[in-house]
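Please work through the following exercises with the structure open beside you, and try each task before reading its solution.

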Amino acid sequence: MRKKIVAANWKMNMTQAEAASFVDTLLRELGDANDVEVVIVPPFTAIAKVSEALGALENIKVGAQNMYWEKSGAFTGEISAAMLRELFVRYVVLGHSERRMLLGETDEIVNRKVRAAHEASLHPILCVGETLEQRENGRVEEVLSTQLRGSLAGLGVKEIQETVVAYEPVWAIGTGKTASAEQAQEAHAFIRRTLAEIADEGTSNKIRIQYGGSVKPDNARTLMTQPDIDGALVGGASLDPRSFAQIVQGAAALAEK
Ligand code: PEP
């Protein structure tokens, strides 16, 4: 049984004060949601604040939105995996479509980051997903397969198993258009089949695949009841601690069954 994982991608939002207040409210709203793994992914500047506010809580972890693959050196503006580890970061979002589109990140760049993250014992949340044009041209499987194979190249089975994959159709991110549960399940099942080809079936069955793209409290549960959807990567709705808590509680209710 795969433990559901729900992550809050704050993107370029939240000051340190706002982040501390978010965690305060979230902890009050959530109560006991131990059956779900929760990851808060603040901007770099608020990571230390969130880690401090969470203290020793085990089921809520901290993530980062990006990292560089080199260990140190003349890379102005970049952050290494060890720097993130120092702030108690456990997950790192890699290959997000906003970075692929706005900053030109390729599968090769994402692959370097994924490998460096594993070397430093950080778990990547690897984002893959097609654009609307690619979907309309019947290229969903080709795009997902290329992104998965490129980003996971050279990884061992253990590392692949410890990677979380996030299926994020680009046309659903921040648009209010969610993939239907059937569309999402179809893509997730394809991702799992591809992971079985890249690694093996046993490994693929253990990998958690999140759905991301306009997830809200009112659609999260339906999406997460699908057999291959193991959680959510939430952008917009994760900025409100009450909305985010409702999404986590939706996942927790499914875990109890
Ligand atoms: C995201 O950016 O990862 C995302 C899923 O955003 P939103 O929930 O706002 O669509």
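The exercises below concern a predicted model, and they treat helix packing and then aromatic pairs.

**Exercise 1.** Determine how the axes of helix α1 and helix α2 are arranged, and which residues meet where α1 and α2 are in contact.

*Solution.* Begin with the geometry: the axes of α1 (residues 16–30) and α2 (residues 44–54) come within 9 Å and cross at roughly 30°. Angles under 35 degrees count as roughly parallel, and α1 and α2 are therefore roughly parallel to each other. The crossing in which α1 passes α2 is right-handed. Next, list the contact: α1 contributes Gln16, Ala19, Ala20, Val23 and Leu27, which meet Thr45, Ala46, Lys49, Val50, Ala53 and Leu54 of α2. Sorted by class, this contact has eight nonpolar, two polar and one charged residues.

**Exercise 2.** Classify the ring pair of Phe22 and Phe244, and decide whether each residue is buried or exposed.

*Solution.* A search of the whole structure finds five aromatic pairs. In one of them, the ring centres of Phe22 and Phe244 are 6.4 Å apart and the planes stand at 40°, so the pair is tilted. Phe22 belongs to helix α1 and Phe244 to helix α12 (residues 241–256), so that the pair links distant parts of the chain, 222 residues apart. Buried means under 20% relative accessible area; Phe22, with 2%, is buried, and Phe244, at 0%, also counts as buried. Finally, ring pairs link Trp10, Phe22 and Phe244 into a cluster.

How values were computed. Residues are numbered from 1 along each chain as its sequence is written. This is a predicted model: local features need pLDDT of at least 70, side-chain atom pairs count only at pLDDT 80 or more; totals for chains, interfaces and linings use all residues. Side-chain values use heavy atoms; hydrogens and water are left out. Axes are lines fitted to C-alpha atoms, for helices over the stretch in contact, and angles run from 0 to 180 degrees between N-to-C directions. Helices (H or I, at least four residues) and strands (E, at least two) are DSSP runs, numbered from the N terminus. Angles under 35 degrees count as roughly parallel, over 145 as roughly antiparallel, 65 to 115 as roughly perpendicular and the rest as oblique. A crossing is left-handed if the near helix is turned anticlockwise from the far one by less than a right angle, and right-handed if clockwise. Contact means heavy atoms within 4.5 Å. Ala, Val, Leu, Ile, Met, Phe, Trp, Tyr, Cys and Pro count as nonpolar, Asp, Glu, Lys and Arg as charged, and the others, Gly among them, as polar. Rings of Phe, Tyr and Trp (its six-membered ring) pair if their centres lie within 6.5 Å; planes under 30 degrees apart count as stacked, over 60 as edge-to-face and the rest as tilted. Buried means under 20% relative accessible area, exposed over 50%, partly exposed in between (1.4 Å probe, protein chains only).
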